[in-house]
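Reader: I am new to this one. Please show me the structure, and then let us take it piece by piece.

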Amino acid sequence: MLRRLIFLVLLCAGWTLNGQTEDRLLVVASASMFADMAEVIGGNLIDVKMIVPVGGDPHIYEPTPSDVQLVTQADLVLRNGLTFEGWIDELVVNSGFTGQITTITKGINVIESDLHENSSDPHAWMSARNGLIYIQNIRDALVTLAPEYEAEFNFNYQIYRQQLEDLDQEIEEILSAIPRHKRILITSHDAFRYFGRRYGVQVEAVLGTSTDADVQTSDIRRLTRVLQESEVPALFIESTINPKLLKVLAKDNNVIIGGSLYADSLGEKDGPAGTYLDMLRHNAHTIAEGLSLDKQTLNHQEEEENTTQNYLLFGFILLIMAGSFFFMVAKLNT
């Protein structure tokens, strides 16, 4: 209903974003989340392209010659900064780009690294409240780039801002319903600390804030201890990271995989995380559903399944033994 109302308002206001397809400014974003934000605010007044494709990992991405060409053609480049795209400065230099570059984390209260001096966690978009700062920075960058469209950008921004504020409240409500002692999120890499800080969730991960780090034995011991000392019933894999290690950890500790989360990339357009808003909503609901399960009930179900499997195996062995016995008897009587 809200979307229909927005559409009608746009139509009546005569802000026809259609028909502006020629000579549109090109905005290049480093990753899919930021490209989606720019598309929402810019509407049909701009072209938006992303460097790292959907499903790619910006931490370890290696730019291609086509990326150099893309940046060369850009009017505006949007980057997260905070070492998220360690390759982007070199890419910009190699492209010869001299246009506008905007760091869209400006104004974020960043989380400093516990391990590395002068290093910050780059995953600030994982909180909807921080998302409000991202879209404000993108709106400002677009207005600077094309001040003649300031009213249109502002209109789209205000609607988007309201949607993000509503989502932020929705996420807070569904996560606050989980008992506090079970609000422990264990996932592949340390991309959810802003999420945890905003919504009161303890975050534990196998890897650090970058996916190019090596897994340490001490990290496995730490997570095993957390699982054994808590009532956490589920772990969560990530869409851009191999889930093998987490699956082994889950099996060894009698917990389940609660679902797949999105952090460093959106999903496909027709999937559950095709937009930034959908990604945040999907993550929150998946985490809430997984952590709301009862660990003891899950273990009891697993014991029943194992018992049933053992009975079936025992029956199968008896059947083979009986068959062998009657075969031998028949053989002796011939």
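This is a predicted model: local features need pLDDT of at least 70, side-chain atom pairs count only at pLDDT 80 or more; totals for chains, interfaces and linings use all residues.

Reader: Is Phe-34 buried or exposed?

Author: Buried means under 20% relative accessible area, exposed over 50%, and partly exposed in between (1.4 Å probe, protein chains only). Phe-34 has 0% relative accessibility, so Phe-34 counts as buried.

Reader: How do the rings of Phe-34 and Phe-84 pair?

Author: Rings of Phe, Tyr and Trp (its six-membered ring) pair if their centres lie within 6.5 Å; planes under 30 degrees apart are stacked, over 60 edge-to-face, the rest tilted. Here the centres are 6.3 Å apart, with 75° between the planes. That makes the pair edge-to-face.

Reader: How far apart in sequence are the parts that this pair ties together?

Author: Helices (H or I, at least four residues) and strands (E, at least two) are DSSP runs, numbered from the N terminus. Phe-34 lies in helix 2 (residues 32-42). Phe-84 lies in the loop between strand 3 and helix 4 (88-95), so the parts tied together are apart by 50 residues.

Reader: Which residues form one aromatic cluster with Phe-34 and Phe-84?

Author: Phe-84 is also buried, at 0% relative accessibility. The cluster holds Phe-34 and Phe-84, together with Trp-125 and Tyr-134.

How values were computed. Residues are numbered from 1 along each chain as its sequence is written. Side-chain values use heavy atoms; hydrogens and water are left out.
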